[in-house]
Amino acid sequence: MKLVSETILSNVTRAGQGGVTLRDLDDSGTLIWGDLEVVLTTDAHTVKPLFFPGGNIGRLAAAGTLNDISVMGVKPLAISCSIVMEEGFSRSRLETVVRSMNEVLEEVGADLIAGDTKVVERGDIDEMIMTTAGVGVTGRGSVIRDTGLKPGDDIILSGTVGDHGITILSVREGFDFQLQTQSDVGPIWGIVEAALEVGGVHAMKDPTRGGLSNALNELAEKSMVGIEIEEESIPVESDIRNASEMLGVDPYSITNEGKVVIGVDRELSDEVLSSVRATARGRKASVIGTVVEGHRGEVVMETRIGGRRLMEPPVGDPAPRIC
Amino acid sequence: MDLSSFHDRDAVQRAAKLLLRKAPRRQLTFLHVCGTHENTIARYGLRSLLPDSVRIVAGPGCPVCVTSTCEIDSMVEVAQDHARVFTYGDMFSVPGSGRSLRDARADGADVQVVYSLADAISIARKSPKPSAFFSIGFETTAPLAATTVLAGVPPDFYFQISHRLIPPAMRALLDAGEIRIDGLLCPGHVSTIIGAEPYEPFAREYGIPIAIAGFEPLDVMLALIDLIDQVDSGKPRVFNEYSRAVRWTGNRKAQRMIERVFETCDSEWRGLGTLPESGLRLRDEHRDLDVRNRFDLKPREPAPMPPGCRCADVLLGSADPSDCPLFGDRCTPPTPVGPCMVSSEGTCRIWYTYGGRGRG
């Protein structure tokens, strides 16, 4: 990934003028427009299998893009969607996928205002690839970045981790773990809105690729602070934990599609937590750690049994085509 | 079985306090020979709970890491010229003297990653063609290979038997005297097969305290407490902390299976050289299943570790991964230089994953 971003960045001279540029490698980019800041993001979705417990590629595409805008502290207004599908892709499956997208849009109150569909020959791609772009608008300078954490801040995680990644892997590997828990794929705007209403939000990140561990490490690095995490406070469903042990996959390093990590001023932390817990998707929110001056750029974890170790950012791809 | 008490925070903290109270005045170094133990230690941050005078060091407890480059090179040759090769995921990416099975596959060789021997057999039955299974591991995985041989394999199915034995490796480490070892933490899974008996000679002849430990944090802490007690009392013995899974005599049935199908032989451990009677090979009556018997494979010499790579020292316990100049720099899981960074049981890989770089 590093190589890809280096190749791209070294060949784009027009990477943004003010606002959040391509070089910032944040969840979204922004344009300054007078007193306003316009937020734009895009993602391709190659999840395999297309349909999984808790959702499908349509739900994933819509939620993923809406969340990338939300996590900048901005209400998502609209998305576009481009679908490339294999010849012979069933109409009823296409309908299900599109209906799922619409469900997510309804939940957030955003619109699909542009789209494209292409059909390629059988075998040219694997069933379907969806690319979405999203847009939101806010007051100039009020975008929340991942550079804003301050020592003393609390770190709030909006809910259980590992749900999406472990569910996909279990299905893909053909393990019948009889999981009760499903993918968490869904919009986080409700949670973000609740937190913003209270205030004190300094930084946010959604723990998608690379999971919670990657999100925390990026926040620590970009904000140039240290983070201390209490493993015991990290919410993980017990069936997901058991499945992850059996798969040999770390639930803290695997993709989530309906969660957000929020760095918040300690003074307002309690209120933000209650506010988030009152939302439909934030019931299991929890303070999982704090921001410190020391060990800048690093995340230290107090383990379940009271030992200490570094929480290293995951390397490589523990699971391809999970999002 | 409810293992929650073995990673109960209070219990582990009490064990840690006890360890601190028993902290020896002189520096003690305990060695373990199991990647899964290193995983538990690193993942739970157990080293941060130990007194300064107690050090626990990882030995060559990584079957993928110690598989000889000759064996890997031969399997690459098999894949390129003779047969479909079945391998575990970890082994897939380890280079021999040059190439790995992954490299061979990238060039069009038929190499399939499987989770188990059973998977390989199943695939071979469904799509028959000459096949070879890269059978690696310590004593833990040998019984299954033995049972499979006895049950009968599909036609044209062969084995590269690369199993190695832990007690001979322990003996070699103690004889080499590269590092001072004050006690040995013995591997839980291997011991379920071989039992506690085989470690007795070490306590007796070498006067080394021995503790067989399970894989939960509390298992390791309890074993360490006992090792310190043994050092204090001056009466070394074999302590079986993992009594819920290990019997003194081990699994006799599994041992008999192994004996029926395999015999011991000298074996080259990557980074450590040839250790006497430390490997397994198929007995004469099963030799027709040996891939070396079926195909005319080139004779090979063991290759040294890549330049700069300190894997050999890490395997001996005489260096930590962070002592290697390549660690975390040129050598990382996506760009590994030595085998210790490839395997999930490799000390370097574990340290890279769980932050063994510092005590945290």
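**Figure 1. Two strands side by side at one end of a chain A sheet.** Three bridges connect strand β13 (residues 299-302) of chain A with β14(A), and the two strands run antiparallel. Look for Glu302(A): its opposite number in β14(A) is Arg308(A). Keep in mind for this view and the ones below that the model is predicted. As a bit of background, strands in a sheet pair up through backbone hydrogen bonds, in either a parallel or an antiparallel way.

**Figure 2. The whole seven-stranded sheet of chain A.** Zoom out from β13(A) and β14(A), and you get an open sheet of seven strands in the order β9-β11-β8-β12-β10-β13-β14 (chain A), with mixed pairing. Which strands stand at the edges? They are β9 (201-205) and β14 (308-310) of chain A, each with a single partner strand, so one side of each has no neighbour in the sheet. Going from one strand to the next, the twist averages 25°.

**Figure 3. Strand β8 of chain A and its two partners.** Let's stay in that sheet and pick out β8(A), which sits between β11 and β12 in the strand order. With strand β11 (residues 261-264) of chain A, β8(A) pairs in the antiparallel sense over four bridges. Ile156(A) has Ile262(A) as its bridge partner in β11(A). Strand β12 (residues 286-292) of chain A also pairs with β8(A) in the antiparallel sense, over four bridges. Here Ile155(A) faces Gly289(A) of β12(A).

Now for the side chains: which residues of strand β8 (residues 154-157) of chain A point one way, and which the other way? Asp154(A) and Ile156(A) point one way, while Ile155(A) and Leu157(A) point the other way, and all of them are buried.

**Figure 4. Where the two domains of chain A meet.** Chain A comes in two parts, domain 1 (19-139) and domain 2 (154-310). Their C-alpha centres are 23 Å apart. How many residues does the contact take from each domain? There are 21 residues from domain 1 of chain A and 21 residues from domain 2 of chain A.

On the domain 1 side, the elements giving two or more residues are α2 (57-70) and α3 (91-108) of chain A. Helix α2(A) has the largest share of that side, with seven residues. Sort the residues on the domain 1 side by class, and you find ten nonpolar, six polar and five charged.

**Figure 5. Chain A against chain B.** This time the contact is between chains: 23 residues come from chain B and 14 residues from chain A. Three helices of chain B, namely α1 (9-21), α2 (35-44) and α16 (347-354), each supply at least two residues to the side touching chain A. That side of chain B has ten nonpolar, ten polar and three charged residues.

**Figure 6. Chain B as a whole.** If you take the contacts in chain B between residues at least 6 apart in sequence, 76% of them link residues at least 24 apart.

Strand β1 (residues 28-32) of chain B pairs with strand β7 (residues 183-186) of chain B in the parallel sense, over three bridges. Find His32(B), and you'll see Leu185(B) of β7(B) opposite.

**Figure 7. Asp284 in a loop of chain B.** Asp284(B) is part of the loop between β11 (273-282) and α14 (291-294) of chain B. Is Asp284(B) buried or exposed? Asp284(B) counts as exposed because it has 8 C-beta neighbours inside 10 Å, and the cut-off for exposed is 12 or fewer. Asp284(B) and Cys34(B) are 250 residues apart in sequence, and their C-alpha atoms are 31 Å apart in space.

Note on methods
Residues are numbered from 1 along each chain as its sequence is written. Chains are lettered from A and ligands numbered from 1 in the order in which they are written. This is a predicted model: local features need pLDDT of at least 70, side-chain atom pairs count only at pLDDT 80 or more; totals for chains, interfaces and linings use all residues. Two residues are in contact if their C-beta atoms, placed from the backbone, lie within 7 Å. Two strands pair if DSSP finds at least two bridges between them. Domain bounds come from an automatic or database domain assignment. Ala, Val, Leu, Ile, Met, Phe, Trp, Tyr, Cys and Pro count as nonpolar, Asp, Glu, Lys and Arg as charged, and the others, Gly among them, as polar. A residue is buried if 20 or more other C-beta atoms lie within 10 Å of its own, exposed if 12 or fewer, and partly exposed in between; C-beta atoms are placed from the backbone. Axes are lines fitted to C-alpha atoms, for helices over the stretch in contact, and angles run from 0 to 180 degrees between N-to-C directions.
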